[in-house]
Amino acid sequence: MDAQTESRAVTLTVGGKQQVFDVDQPDLPDWIEDEALKSGGFPYNKKLSQKKYNAELEQLQIELVKVQFWMQKTGERVMALFEGRDAAGKGGAIHATLSYMNPRSARVVALTKPTETERGQWYFQRYISHFPTAGEFVLFDRSWYNRAGVEPVMGFCTPDEYESFLEQVPRFEKLIEREGIRFFKFWLGTGQEMQLKRFHDRRHDPLKCWKLSPMDIAALNKWDDYTMKRDRMLKETHTERAPWTVLHANDKRRARLNLIRHMLLSLDYDGKDLENIGKLDKKIIGSGPDFLA
């Protein structure tokens, strides 16, 4: 075993037991494989079939094209934030949403770490410049809510900055809603074993290995801290004007379909086909902290 492999092995508490996880080992341990799908209280013992997923997704994507025509006609603005556990499927959900929308007026925002200039600005300032103009559909792959999770857990902000953020964000989002922007906030969750499985899959897939960062490995033993920060974030920033929608995302297919359905059902656009949209699966999607409870 080389030095790199030794340095990436971590001891974790999973399901009340201590386990050793080494992302560099080619074989996924049975204790992860056997528990991954049902971890975190996921209510299904099988993933949605690819055939059913493809058929339902196509109908939803047709509706999203209608939404875009409606937005261009009316000047409506739509914005959604995608937050959640590392490897929860935020990027895939965004891709499924935008795949057939016109990229001239539908875009994703995925900001890198702030520059020196941005660090001297009001915290929300660099995000505001990416807000949608008339007729635009904008999805944030992570957002200002970095300050409610990643930053305090990993020590990238001070306790005072964290507390100030939680105090300011409801007022900030009230302004967004009053401005008339159709605003969605999604939090995607996974069970701990599913997160480990996805990290392992990324490490050993030459097309996805870039998705596994050193910070992902550094955060492995901070699961409980992330959970506490998530719970406080949902409690203090879930408001009537800017509510959180929470999804159990162990099955990415079900999560993507229900996330898109939620947006479509919330928008009053021309030609809306409720039969094609279908109904939400209340087992895996719900509103804010009450759903987690």
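First, the ground rules. This is a predicted model, where local features need pLDDT of at least 70, side-chain atom pairs count only at pLDDT 80 or more, and totals for chains, interfaces and linings use all residues. Residues are numbered from 1 along each chain as its sequence is written, and side-chain values use heavy atoms, with hydrogens and water left out.

Start with the record. An unreviewed UniProt entry annotates residues 48-272 as "domain: Polyphosphate kinase-2-related". Such annotations may be inferred rather than shown by experiment. The span is 51% helix and 13% strand, and its end C-alpha atoms lie 25 Å apart. Helices here are DSSP runs of H or I, at least four residues; strands are runs of E, at least two.

Now the sheet. It is open, has six strands, and its order is β4-β5-β3-β6-β7-β8, with mixed pairing. Pairing takes at least two DSSP bridges between two strands. Which strands stand at the edges? They are β4 (106-109) and β8 (285-287); each has a single partner strand, so one side of each is left without a neighbour in the sheet. β4 runs parallel to β5 (residues 137-141), and four bridges join them. In that pair, Ala106 stands opposite Phe137.

What lies on the sheet? Helix α4 (residues 90-98) lies across β3, β4, β5 and β6, at about 165° to β5. α12 packs on the sheet too, touching β3, β5, β6, β7 and β8, with its direction at about 160° to that of β6. Contact means heavy atoms within 4.5 Å. Angles run from 0 to 180 degrees between N-to-C directions, with axes fitted to C-alpha atoms, for helices over the stretch in contact.

α12 has a helix partner as well. The axes of α3 (residues 50-74) and α12 (residues 252-266) come within 10 Å and cross at roughly 25°. That makes α3 roughly parallel to α12, a label for angles under 35 degrees. Residues of α3 in this contact include Tyr53, Leu57 and Leu60; on α12, Leu257 and Ile260 are among them. By class, the contact holds eight nonpolar, one polar and five charged residues.

The axes of α8 (residues 159-179) and α11 (residues 223-237) come within 10 Å and cross at roughly 35°. Among the residues that meet are Glu163 and Glu173 in α8, and Lys229 and Arg232 in α11. This contact divides into four nonpolar, one polar and five charged residues.

Technical notes: Angles under 35 degrees count as roughly parallel, over 145 as roughly antiparallel, 65 to 115 as roughly perpendicular and the rest as oblique. Ala, Val, Leu, Ile, Met, Phe, Trp, Tyr, Cys and Pro count as nonpolar, Asp, Glu, Lys and Arg as charged, and the others, Gly among them, as polar.
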